[in-house]
Amino acid sequence: MNTVRLSISQWVAAFFIVLSLTIAALCGIGLYRLYETGAELDQTRVLSAQKELAAAMSELAAHLQQQGSAISNWDETRQQLAKPDYYGYWKASRLPRAGIVSPAFSNLDLYDRAGRLLPGGSAKSEASITPADAGKTLYDPLQGLSRISHLFPIYAEGRQNTPLGYAQVSFDLVHALKHLHSFSYLVPEKLAVRNPPLHTLELGELEKNLNFTVRTSLEIERLEEAVTRTYAILALAMLISAVTAYLFVQRLLARPLARLADAIGGLQADETRMDYVPALESRYMLRELDTVRQSVQDYRQKLSDARLELENSNVTFQQQALQDALTGLYNRRAFEEDWENLVRALSGHSEPMALLLFDCDHFKPINDTYGHQVGDLVLQTIAGAVNGVMRAGDRLYRIGGDEFATLLWGADEHMAMLVAERCLDSVRKEDFRRLGVQEPVSISIGIAIDEISKGDDLTYLQAHADSAMYQAKRPGSKKIAIYRMGEASSEDVLVASLETNALYQALAEPSRMEIHYQRMQPLAGGSEYLEALTRIRHNGGLLMPARFLPVVQSRRLEAEFDLAVIRLVQASLDSEAIPRGAGVSINLSAQSLHRPEAVAQLIELTRHAESHPLMLEITETSLVPQLAEITHFLGILRSSGFKIALDDFGSGYSPLRYLADLPVDVIKFDMSLIHQLKNNDRTSVIVSDFARLMRDAGYSLVAEGVEDEVMMDKVVSLGFSHVQGFFIDRPHLLQPADAKVATLFN
Amino acid sequence: MAEKILSKSGEAVTRCAQSPYKNRMLPQPILRMRRCLLKTLLVMCWLLAPAAAGAAVVEIRTAEKTVASAEFHQGDAAKPVILILHGFLQTREFGIVKAIADALIDNGYSVLSPTLSLGISNRKRSLDCEALHLHDMNGDLQEIQQWVQWLRSRGVERIVGVGHSFGATQLLAWRERYQERNVDLIGISLMGVSPLGREAAAPPAGKHAARNRPDASLVRAPLSFCETYTAPASMYASYKQWSADRILTALKRTGPRTDLIQGTADTFAPPNWEERLAGTPARVHRIAGANHFMEGTHEFDMLDTLLGILKR
């Protein structure tokens, strides 16, 4: 059931309205009863008035008879009838003073026995009468009630057969009745003839046709007036009481309750805005309400304190929520919020915006090698270094493990490059050796610049910066890359996302991957190896490793990728696409060595070891993490028949320490070192000497990137066991009956 | 002369036979007590006694076609018939007149008590002073003559006229007019019609005398005891001429058979009236202390005097 909810003022108003209506109804009933009684009395008064009229008319008739008798017995009447010579004088002078004619009647005229007015009679009098009307009281419609006439026959003493003449009394009916009767019930002045007839009426008939008005009872009138006045006083008293009570309740209850309700409502409405909650400092007159007020006020104060504390906590939490705990920088959430706020602040116009993404190079190996604590210190150092050279007001965000970002509002390309170079420089200046990290630590910076409009999404700009980041991380890059639409490098970057897709599709469908093999030609006997180089077929073309390997590394997909390659190599072996006797060299990341399934898969290959010598090429950088564990697995694989080659030697760091600790059989000199051999400078000497040193240490040496005969001669002279490069062979796809391979091994 | 005798009903025409006025030897207080008792008995007799035989109302038609009436009571035939005439504008029912008639009837006299018509048929009440008076002295005298003739037509030989106030004057005038020298007259409180106390004043001229209308000849002026008396001038004059002097003249002419009973306290009487009457042949009987109407115990004195005169 719905509960009616009204304010106390409305309830009070409603109460008084109901009370007023009740009293008004009672008054109405009282008045109705009074009027009903009055109506009954009126009815009674009508009957009484009828009787009164009848009585008055009877009195009039009797009075007329008396008048007739008096006139008949008056000697002077007979005198005038007998001697009418002075009738005019008599009627005018004598008759009014004689006291014979009743004051109820206004006029008396005498007529002779023929009905003619006595000579000298008034012109206003009827000139003649009808003797047959003798004894009748007549109403003439033409004369109205103001002139009723009664005709008396005047007889001589003892002679009733022949009248001496006639006397006619005329009178105003109302005047006569008023004179004869004291009316209590009807108003004689309002007597009127109902449906006035066209002919004369006798008194009896006239009475039946009289309309009368009943006099209002003075008692009833006074009673009604008294009751009405009483009701009026009552209504006034009610009104005054209601208003007084209303004001009283308003002051005592309604206002305090309303303020309390407002205060409580305010507490409920907006918990964060205490200024919306009215203060309840003034005391209330009602003790109970004042107690409630005090409670609410106390509660309000406590709530205010709690809110203040909560707000402070919220600020702290918000700060914490937006702050990276490790570096003290803003975190990814702050980055996204700031982006939204900035974009939201734009109104109908666009502003240039530069997004700089920072990524620590080789952070994973560092972290894995030196431990998380050192890794964290490296990140803190990088954060401090970069943050210290940011523009005033710009924020640096840590948006991933080793990824940082900043938004340069209003920055053009020049400004973005300036900031990026400053950051790069700042990191270079940091001494990471104090952290125990011997290898140089650097960062790569991807920059995306665009005109930002309201509502723009961060995703595409971030993707652009991400793509530029991959560009920056490419070998030989300046560590800073700007995403430019239409430029070749940017085109590469642009397709980075496509390469990612191609990579994921290839991992999902290994048939998209192709293994191209490149010969490692032996120079001093021994087995010849085919290095398995992966290509990804995508959109009708081939993606080279330089394009998708950064994706593999950044997505930490090394193990999955290596597994796929191993399976493909196994397929090549199973299909006998690789000529018998030819060795197979497989590139393997250090991450794959942690995966038992990869190790198991590699061991599976050893069933072809008799016909195909097997070699694993571990890239120099991939050896960094978990050296002991890798050493253990490499030992297992070595004992299973694999030769272990250290790939790209000369391009990473601390190769000597690795060589000392790892079970390496072959060292593949990176093409950057091999190319140095062409120069007759100190570097060439160092490389040559280092090659001899490695050879003397028992390692088999492989020269990569040999592209011409000069370089061929040099490596031969330096005692390299194998040579690899375009001068020898280009990577190519093997078929099961590949003639070229067959020829080579024959 | 037309006449008619009607039986009278409801009229007190019979009195107790014994007159209280005959015993004059009793002491005065006892006498007055007896009179009161007798008056009470008289009233009771009047209320209880049936209509007496012999009482009748007689009507005559006057020369002016009006009907005049008189009450006639037949008494002792051996005694003279008394014709009692009322005063000015009065009727036979007037108190003193009625008392005289009753007393005479009680004493065995035949009494004829007419009411002068004054121009009104069957006049029953005194005519107001303020009424229009369409009668004159001549008509009154003719009516008296008619009543005398009516008596004589019934074989009455001896008639005594008794008149009160102006009735006595009218009887005196009648006797003078009709030369009835053998008729004895007894006048009680005889007076004329001059305004009281203004015997010598001339009658005022008629207000409407110059107007050529029926009422133009009317005169409104004092007459006798009437402050305002309205009548045609000639009729007014017919009464007006009967001043004190005119009465004295009439008395002197017919005085020997006239007795006058005058109250000594009659304020209506002209000045020195007794002395002036004494100068006439009429015999004047004084009632000490009596007023014009012989009221109170003077009525009995007057009646005793009257009866004494009749017995003489």
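This is a predicted model: local features need pLDDT of at least 70, side-chain atom pairs count only at pLDDT 80 or more; totals for chains, interfaces and linings use all residues.

Biologist: What is the order of the strands in the open sheet of 5 strands?

Modeller: Strands of a sheet pair through backbone hydrogen bonds, either parallel or antiparallel. Two strands are taken to pair if DSSP finds at least two bridges between them. In chain A, the order is β1-β4-β3-β2-β6, with antiparallel pairing. β1 (107-112) and β6 (201-202) of chain A each have a single partner strand, so they stand at the edges with one side left without a neighbour in the sheet. Within this sheet, β3 (residues 148-156) and β4 (residues 159-171) of chain A run antiparallel and are joined by 9 bridges; A:Tyr155 stands opposite A:Pro163 in β4(A).

Biologist: Which strands does helix α1 of chain A touch?

Modeller: Two residues are in contact if their C-beta atoms, placed from the backbone, lie within 7 Å. Axes are lines fitted to C-alpha atoms, for helices over the stretch in contact, and angles run from 0 to 180 degrees between N-to-C directions. Helix α1 (residues 8-73) of chain A packs on the sheet and touches β1, β2 (137-139), β3 and β4 of chain A, its direction making about 40 degrees with that of β3(A).

Biologist: What is the pairing in the open sheet of 6 strands?

Modeller: The pairing is mixed, and the order is β8-β10-β11-β9-β12-β13 in chain A. The edge strands, β8 (330-331) and β13 (480-483) of chain A, pair on one side only. Between β9 (residues 351-360) and β11 (residues 403-409) of chain A there are 7 bridges in the antiparallel sense, and A:Leu356 stands opposite A:Thr406 in β11(A). Helix α10 (residues 413-429) of chain A lies across β9, β11, β12 (443-452) and β13 of chain A, at about 160 degrees to β12(A). Helix α11 (residues 458-473) of chain A lies across β9, β12 and β13 of chain A, at about 150 degrees to β12(A).

Biologist: Why does helix α7 of chain A count as lying largely in the open?

Modeller: A residue is buried if 20 or more other C-beta atoms lie within 10 Å of its own, exposed if 12 or fewer, and partly exposed in between, with C-beta atoms placed from the backbone. Of the 36 residues of α7(A), the number buried is 2, so the helix lies largely in the open. Across chain A, buried residues make up 34% of the 746 residues.

Biologist: Which residues touch the most other members of the largest nonpolar core?

Modeller: A nonpolar core is a set of buried Ala, Val, Leu, Ile, Met, Phe, Trp, Tyr and Cys residues joined through C-beta atoms within 7 Å. In the largest, of 124 residues, they are B:Ile82, B:Leu83, B:Ile84 and B:Ile100. A second, separate core of 65 residues includes A:Leu593 and A:Val687.

Biologist: How many residues does each chain bring to the contact?

Modeller: Chain B contributes 17 residues and chain A contributes 16 residues.

Terms used. Residues are numbered from 1 along each chain as its sequence is written. Chains are lettered from A and ligands numbered from 1 in the order in which they are written. Helices (H or I, at least four residues) and strands (E, at least two) are DSSP runs, numbered from the N terminus.
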